[in-house]
Amino acid sequence: MHKQNTDYKTYNYTERSFIDLSVIIVNYKSWDPLQQCLNSLQLKDYKKLNLEVIVVDNCSGDSKLEEFSKQNTDVLFIENKGNNGFANGCNVGAKFSSGKQLLFLNPDTIANEEALFQMLTYLQNNPNYGIVSCKQITSEGKEERYIRLFPSFTRLFGITRAIDRKFSKRYKELKETTNSVVFPDWVTGAVVCMSKEEFDSVGGWNEDYWMYYEDVDLCKKIVDKGLQVALLKEVSVIHDHGGASRINVVTSSLTKSEVLISSHIYINNHFTGLKKYVSQILLVIETIISKVFFGVLGIVFFFVPKLAVQRLLCRNMMLYYFQCLKRGSWLSKRSTNF
């Protein structure tokens, strides 16, 4: 049982005990999808599990948090100190958790008790599983790909990734397996179930990342400990992508920038020796060439939304690389570790 951290403003806080699973959700202006997610986690409807649900709001700043908390009195709401990113929000939620097992869940997912119960059961019955996830499908029934391999020197760019997939023995094995449990290198942060003990042992989510790659990083730390990342193919949750990350041109360019920035951070954190330096240089060159080209098109065809995104993306990356040279760091200025 964890005492309230008075450094954060909370709503509906109560001391809890005998929790099977602490569900942690990070929200940023995703109120409608979040409500659907919370509806799928109604405590009164769950018979096999005793849940606690924790929502960390990354300072949406739209005055909806207090009102929303009154509509969902079984849920603990925490107001973060800023829009500090997914990793930081997850870590804040974990500090308030009471359960020995944690489930990190996206606000644009719709869960069900069977999926949560199966993930928890597999996690508890298999000490070699460091993380357990499940299949994700859209509300239209489309399955999200689950074969994910760690970034490497040969998987940095689209063409090399395509070649790697064609000839990779491991990729082929994962694709052709008929087992109900598969073991990809990593799973998305949308659905991550793990014990609080293992979570603490790897230092939680890495706040070097503001957005993207934090899930890859977490899985890498788990695998480096000699544990497995397991995905259950016979259970699923609904996951409809969209939410706050695709609100408008400015937001889209920001999130696309953070994908590239987080790629640099991951290389810096997990690549070694000559591969690290060559990878960084190649990624910088490829980014500058491609973004300048499409950025110029975005200036000429400013009325085309996708090209307008590329223009802003070009600007963002040039500013980022200037900052890297100035500070000697690959971190995003939005990272809490910046």
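Modeller: Valine 300 lies in helix α10, a DSSP run (H or I, at least four residues; strands are E, at least two) numbered from the N terminus. The model is predicted: local features need pLDDT of at least 70, side-chain atom pairs count only at pLDDT 80 or more, and totals for chains, interfaces and linings use all residues. Residues are numbered from 1 along each chain, and side-chain values use heavy atoms, without hydrogens and water.

Val300 belongs to a nonpolar surface patch of about 880 Å². Its other members include Ile288, Val292, Phe301 and Met318. Patch residues have over 30% relative accessible area and no salt bridge, and nonpolar side chains are joined within 5 Å. A salt bridge puts a Lys or Arg side-chain nitrogen within 4 Å of an Asp or Glu carboxyl oxygen. Areas come from the Shrake-Rupley method with a 1.4 Å probe. Helix α10 (residues 273–300) gives the largest share of the patch, 5 residues.

The largest nonpolar core has 54 residues. A core joins buried nonpolar residues through side-chain atoms within 4.5 Å; buried means under 20% relative accessible area. Ile78, Phe104, Ile131, Val192, Met194 and Trp205 touch the most other members. Helix α3 (residues 86–96) supplies the largest share, 6 residues. Apart from this core lies another, of 37 residues, among them Val55 and Phe68.

Leaving aside neighbours within four places in sequence, Trp205 is in contact (heavy atoms within 4.5 Å) with residues including Phe86, Cys90, Phe104 and Leu218.

Technical notes:
Patches are made of residues with over 30% relative accessible area and no salt bridge: like charges are joined within 9 Å, nonpolar side chains (Val, Leu, Ile, Met, Phe, Trp, Tyr) within 5 Å. Buried means under 20% relative accessible area, exposed over 50%, partly exposed in between (1.4 Å probe, protein chains only).
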